Amino acid sequence: MRLVNIKPARGPRVLIGMVPIAIALVIYAVFSAARAEANPNDKVLPTFLAMAQAAWRLFTQVDPRTGEVTAWADTTASLWRLGIGVGIATVSTLIIGIALGVVPLVRAALGPLVTVIAVIPPIAVLPILFIALGLGEASKIALIAIGIAPYMIRDLAGYVSGLPSEQFLKAQTLGASTWQLTLRVALPQALPRLIDSLRLSMGPAWVFLISAEAIASDVGLGYRIFLVRRYLSMDIILPYVAWISLLAILTDWVLLMISRKAFPWAHGDGR
Amino acid sequence: MTTLLEFRDVWVEYGDKVVLERVNLAIDTGEFVSVVGPSGAGKSTFLRLILGQEGPSRGQVLLDGIPLQPECSPDRGVVFQRYSVFPHLTALGNVLFGLECAQAPLTARLFGGARRKARDEAAAMLEAVGLGHSLDVYPAQMSGGMQQRLAVAQALVKHPRVLLLDEPFGALDPGIRLDMHELVGRLWLEHRLTVVMVTHDINEAFKLGTRVLAFDKRRHDPHAPNRYGATATYDVKLDRKTKAAGPPAELLPAEPVPAA
């Protein structure tokens, strides 16, 4: 049988997927054990036990200096920034993207501006944001929103203007005004696409969040990682990276579920 | 019979390319006009003129004696070959949409008693096209034939003056196509519709139509294929009784229209 025709069933597929992950973990365990044996104070490859101890401390014990549990304080601060930034980007995408996609006049007027903004590397704008908005929360939120909104706007505008023109014509023959066809034809079909592009934009959103936190902050997941880097505290950095990844996976899953539940027609499984 | 649609010396040109030239004809209320012709002969352009998707370069298209604006409006319903229904609405939602647009300018949604009344009207329309059992089904779960039935119901619920069909059965398999012929023929009689249908299938054109328009170029310059436009070269009015006899002999050999 040809290789391309061998399709693993659901059970074996999960198993096969686990194998490389397990191998990576075992390799890490072997190397970190070897280094720990040579030097019990090794910082570069901490053992799983050392990481678990550091994580336990950060996730459960109150830091006497701040009076808060460090990891939770970092997580809430980061998620708050991320949530507001992504929220602003999503709402502006919905309004601008649909307007660009539906109304040719708006596309003619604002399309070039959006394209120009989209080619600016957002990190290059960070100093401007710091100068204009200060070092507080506003500049971090603004970086996330400015970082992901142009891509999402262009994606949504392209998708909406690419909807079959027959639909817009049909809506007009059914008596729909510009507003009605925006509201009832363009908007509902744009929403699942918006969630898709939001899922893809969450990666860059985290990058911008961590960059902003690394440069100027006093709390946050990115801040913590870059703070403890000075002490080579891999036992904190690695659990934090794992935690960020877990949060990202959860967000992605939640968005996918929202899309599936709210827009069954967009996922091919009907009602 | 009164004249509903009138074409007065209509030309359509895109730059140097002449698509339609000197189209002069009138369509009466209650006619079922089939439009046939080879690809590129301006059949679809002719339909788009009536639809209002585009306007003529020269001449006038009149509906009830008033020149048409180059914009779609609810007095002309349409069924396209594809993408005629909204994928994000159920069958009922698709038919309700037209009623909702008329009655709720701001929200395009109806509530309470108004919604129940509109719902009953939409459900009756779906029943009439044979979709009474699939009110809550999304188009993605429907076969091609069901989707076209839905598209017809969606258009008819607005009671358009003219129903435009742009190769509506082209993507359907032959058995389903026969069912659709029966449906459209019946609705045409029951609702006293005026229909303009573009088709590639000459048998379909003669089977359903009371009048067949064949579009083609009268003149042809081999060095400049776009120099001359097409027009209605044959305009055959069929008596319902003699229609079963099929295409008149003079039409077929003179104008071999590919049936695909």
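Strand E3 (residues 32-36) and strand E8 (residues 195-198) of chain B pair in the parallel sense over 4 bridges. Strands pair if DSSP finds at least two bridges between them. Strands (E, at least two residues) and helices (H or I, at least four) are DSSP runs, numbered from the N terminus. This is a predicted model: local features need pLDDT of at least 70, side-chain atom pairs count only at pLDDT 80 or more, and totals for chains, interfaces and linings use all residues. Residues are numbered from 1 along each chain as its sequence is written, and chains are lettered from A and ligands numbered from 1 in the order in which they are written.

**Strand E3 of chain B**
- Ser34(B) has Met197(B) in E8(B) as its bridge partner.
- E3(B) also pairs with strand E9 (residues 211-217) in the parallel sense, over 4 bridges.
- There, Val33(B) has Arg211(B) as its bridge partner.
- In E3(B), 5 of 5 residues are buried (20 or more other C-beta atoms, placed from the backbone, within 10 Å of the residue's own).
- Phe32(B), Ser34(B) and Val36(B) lie on one side, Val33(B) and Val35(B) on the other.

**Chain B as a whole**
- Chain B has 7 helices and 10 strands.
- Of its 260 residues, 43% count as buried.
- Its C-alpha atoms fill a box of roughly 60 × 40 × 35 Å along the principal axes.

**Where chain B touches chain A**
- In chain B, 27 residues are in contact with 21 residues of chain A (C-beta atoms, placed from the backbone, within 7 Å).
- Strand E6 (76-79), helix H2 (91-103) and helix H4 (144-156) of chain B each supply at least two residues of that side.
- H2(B) gives the most, with 4 residues.

Definitions and conventions
Two residues are in contact if their C-beta atoms, placed from the backbone, lie within 7 Å. A residue is buried if 20 or more other C-beta atoms lie within 10 Å of its own, exposed if 12 or fewer, and partly exposed in between; C-beta atoms are placed from the backbone.
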